[in-house]
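Subject: A structure for you to look at

Dear colleague,

I am handing over the structure below, and I would be glad if you kept it open while you read the notes that follow.

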Amino acid sequence: MRTFGLAVLAFLLTLVATWVVVMGVYVLATSLGWVFDRDGGIAMGAAFVIGPGLGVMLGVVAAVVMAVRARRKPGRS
């Protein structure tokens, strides 16, 4: 049960962190003038498609890595 809990925690933390980074990159890009987003389409794409999609992909990877590390016996590398 401990392995499952750690995997879920890793997934959720990675999902949130990825979404925050994607939105930060959007804010940075619009603030520095790299992109011009008059109607908010890029913001909606980043907030509702790119952020969660990339977050789920990276979250699955993080959950698998955490599960493998949690299942590894102490003393073995």
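In this predicted model, the protein chain holds 2 helices and 0 strands. Its radius of gyration is 17 Å, well over the 11 Å that the globule rule gives for 77 residues, so the chain is more spread out than a compact globule. Along the principal axes, the C-alpha atoms fill a box of roughly 55 × 20 × 10 Å.

Turning to the inside, buried residues make up 27% of the 77 residues in the chain. The largest nonpolar core has 6 residues, namely Val22, Met23, Tyr26, Ala43, Ala46 and Ala47, and the elements that give two or more residues to this core are helix 1 (2-31) and helix 2 (41-71). One member of the core, Ala47, touches Trp19, Met23 and Pro52, if residues up to four places away in sequence are left out of the count. For the chain as a whole, among contacts between residues at least 6 apart in sequence, 73% join residues at least 24 apart.

A nonpolar patch on the surface is formed by Met44, Phe48, Val49, Ile50, Leu54, Met57 and Leu58, which together have about 720 Å² of accessible area. Is Leu54, for instance, buried, partly exposed or exposed? Leu54, whose place is in helix 2, counts as partly exposed because its relative accessibility is 34%, which lies between the 20% limit for buried and the 50% limit for exposed residues.

With best wishes

Definitions and conventions. Residues are numbered from 1 along each chain as its sequence is written. This is a predicted model: local features need pLDDT of at least 70, side-chain atom pairs count only at pLDDT 80 or more; totals for chains, interfaces and linings use all residues. Side-chain values use heavy atoms; hydrogens and water are left out. A nonpolar core is a set of buried Ala, Val, Leu, Ile, Met, Phe, Trp, Tyr and Cys residues joined through side-chain atoms within 4.5 Å. Buried means under 20% relative accessible area, exposed over 50%, partly exposed in between (1.4 Å probe, protein chains only). Helices (H or I, at least four residues) and strands (E, at least two) are DSSP runs, numbered from the N terminus. Contact means heavy atoms within 4.5 Å. Patches are made of residues with over 30% relative accessible area and no salt bridge: like charges are joined within 9 Å, nonpolar side chains (Val, Leu, Ile, Met, Phe, Trp, Tyr) within 5 Å. Accessible areas come from the Shrake-Rupley method with a 1.4 Å probe; for residues, only the protein chains shown count as cover. A salt bridge is a side-chain nitrogen of Lys or Arg within 4 Å of a carboxyl oxygen of Asp or Glu. The radius of gyration is taken over C-alpha atoms; the globule rule is 2.2 Å times the number of residues to the power 0.38.
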